[in-house]
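Hi everyone, thanks for coming. Let me put the structure up on the screen, and then we'll walk through it together.

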Amino acid sequence: MNDLIPLVNKLQDVFNTIGSEQIDLPQIVVVGSQSSGKSSVLETIVQKDFLPRGNGVVTRRPLVLQLVNTHVRSIPSSSSSSESTVNDVPDRAEFLHLPNKQFFDFDEVRREIEAETARVAGQNKAISRTPIHLKIFSKNVLNLTLVDLPGVTKIPVGDQPTDIEKQTRNLILDYILKPNSVILAVSPANVDLANSDSLKLARQVDPESKRTIGVLTKLDLMDAGTNSLDILSGRAYPLKLGFIGVVNRSQADIQSNKPMAEAFKSETEFFQNHPAYRAISHRCGTNFLAKTLNTILMNHIRDKLPDIKAKLNSLIGQTQQELTSYGDPTFTGTAHRGTLILQLLSKFANDFVAAIDGTSADISTKELCGGARIYYIFNNVFGSALDSLNPCENLTVQDIRTAIRNSTGPRPSLFVPEIAFDLLVKPQIKLLEPPSLRCVELAYEELVKICHSCGAKDLARFPRFHAKLIEVVSDLLRERLGPTSEYVESLISIQRSYINTNHPDFIGGGGAMSALEKASQKKKKDIERTRRLSTVNMALAGSGNDSPVVREENGEKSVTNAMNNLTVHQATERGDRERERERERERERLSHNSQHGGPNSASTSSLNGSPHGPNAGSKGTFLNYFFGDTQLRMDRPVPQENLHRSSNVHNVAKEMVMPKTVLDGEPLEFDKKQEHMTDSEEHSNMNEREDMETQLIRSLIVSYFTITRKSIQDLVPKAVMHLLVNYSREAVQNRLVATLYKEELFNDLLQEDDNLCAERAKCKAMLDVFKNAFTIINEAM
């Protein structure tokens, strides 16, 4: 039991060598307000004057005080002379920051504390968290570990910061929050206990008062007729460890250097002669306080020692694992350099391949990466980009009509020229090239990203080697990027080089024409249905005067009631008669123009072609879309704008004069108008055949573009996988070995990072400390 406190002191010394606070060692923390008598209590326990004194805040840094008893117990008489020699060794003090110096004069100890405090905390009244470690060896002390903290102050004095109270409280809380700390709450007896700052802070962290012991100072300075018996008896403020009263030296005694022996004698006489404290005098005084603290600390250490051992065991495992992550420096010797290089090369290459295959042990669960990301690029990014392309993008009606006209030369076309389709579909296939090349770039970027994430942990100790590995793999990927992009471009060029109109999925001319004819028939039916409905409405409006039923309620009646008064058959007959009269008037007008040589006679001949016989009104065929139906043209009224256009063509043909603007290379007025025409204007100026040709070309382009797009969507990912991904995956290890496995490069590649070497040395020192502490505890237990 008596060796437990020295054991903790040894552990504290061991941990102080590396500045580690990972182990919460049992210790007694002295807490009190400014001028509450904390320093006097400690000096009385040590029986030496060694602490700084003065006005205001004197203790400005935590003082970790280890008391070591040097008294030798009774031993055999043959060694009595030796015992006397050992016990006569003078008391001494040692500072952790001065390991090779011993202090036998405790006035020098006080001056060293003041100098060390000023060195860290400055000359003003500011405080510092950095502790001062002091060890005192004496035969008059019991083994204790105490921490003297700055007193709680309310108002900043001199150069103290404005938040000095907050800083002090936070510093105290940092120490007393530790569960292995015993709180020694010092309170002056001549101040109401309800105003005690030390007890208030202790209650915050130890609400059940299981590890708080109270100390009442200045009992001799209380007003006459008052005492603190209720507090010392535990009735006023109960603490599990109780209260202990002490009487310290007065300021006059300190200035007159009153000996500690006389101070102890005066304290004992005070408690024995005081009428209130006479009954509890054996439980009061500094000697009883020291013995109680010694017993409490030993019991506390005994209770906490198993937890400390378990904590040390856990820290040893964690530190060992951390040290392993830094690598073993013994393996980097000259004899093992080649083996280490090959090992790291293989590890890097395996990580690269595993990331592509999706078998890596460090697969992210937050985002797609590696091979999964490449799959996403192929199917989502690239596929969506191709699907968003419009087969007829940037292809206007004027472009289609111009291509048809240019492909026929000076001859009129009987059918839609196939050359026009080739001219138009090839630029549209070219639209597939940018997203295809972008797909290659995205796959390349993902492979580079995989390369940078490989071997990060294993190669952290060799930054140059890691950088060289990334450089070699990046060069390999860059070499494959060019051929892959060229091959993808060739895929587009292959598709443009030969337009296979015999493809089984291609709609063809017949299929396109059939689809357009069906669409045209449906459109005509819709127009006819609309015209019939308008005729019925006109008929209903015309017969509204004869039907009183239709006129009722302001002439508004449902269509159903109106149809009861006029049948559909009657309305249809009336519409047919109207159309027949319209045709008769048109024939008479055209006949009149032909007989008198009017301006529209030439255009009428050009529209009608040869005279039609009795069989001219027979059923229309597929060729009627291209050669025209004269009967339909005769039956259909000629719009005024078409007649005007025919007149212009007739005049130009009649004069046969080449305009001067053509000879000078300037555009004709017709071409200027064409340049500013919109698609809707183009449609309005086209006849039925031109409209049919335009729609036919569009249908063929859409059909062939869809076939090509499917082919490209299938071939580009295959090309990227074969030429870029799989090639790099299979060649990465061979390239790394061929480039980096050279003996002249070993020294440069295996040069470790300086910061990492320092971290490894620190980690190794910490591991040695933990093992040493664990050994000490094992020996004690």
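Which residues does Leu447 touch, not counting residues up to four places away in sequence? They are Phe352, Ile356, Ile374, Leu477, Leu724 and Val725; contact here is heavy atoms within 4.5 Å.

A word on the source: this is a predicted model, where local features need pLDDT of at least 70 and side-chain atom pairs count only at pLDDT 80 or more, while totals for chains, interfaces and linings use all residues. Residues are numbered from 1 along each chain as its sequence is written, and side-chain values use heavy atoms, leaving out hydrogens and water.

Back to Leu447. In the largest nonpolar core, which has 72 residues, Leu447 is one of those touching the most other members, together with Phe352, Phe421, Phe465 and Leu736. By nonpolar core I mean a set of buried Ala, Val, Leu, Ile, Met, Phe, Trp, Tyr and Cys residues joined through side-chain atoms within 4.5 Å. Buried is under 20% relative accessible area, exposed is over 50%, and partly exposed is in between, using a 1.4 Å probe and protein chains only.

Among the helices that each supply at least two residues of this core are helix 11 (337-357), helix 15 (433-453) and helix 28 (688-740). Helix 28 gives the largest share, 16 residues. Helices are DSSP runs of H or I, at least four residues, and strands are runs of E, at least two, numbered from the N terminus. Apart from this core lies another of 63 residues, including Val30, Phe50, Phe95 and Ile296.

Last, confidence. pLDDT is the predictor's confidence in each residue, from 0 to 100. The chain's mean is 76, and 73% of its residues reach 70 or more. Residues 73-86 stay under 50, and residues 593-676 are also below 50. Where pLDDT is low, the predicted coordinates should not be read in detail.
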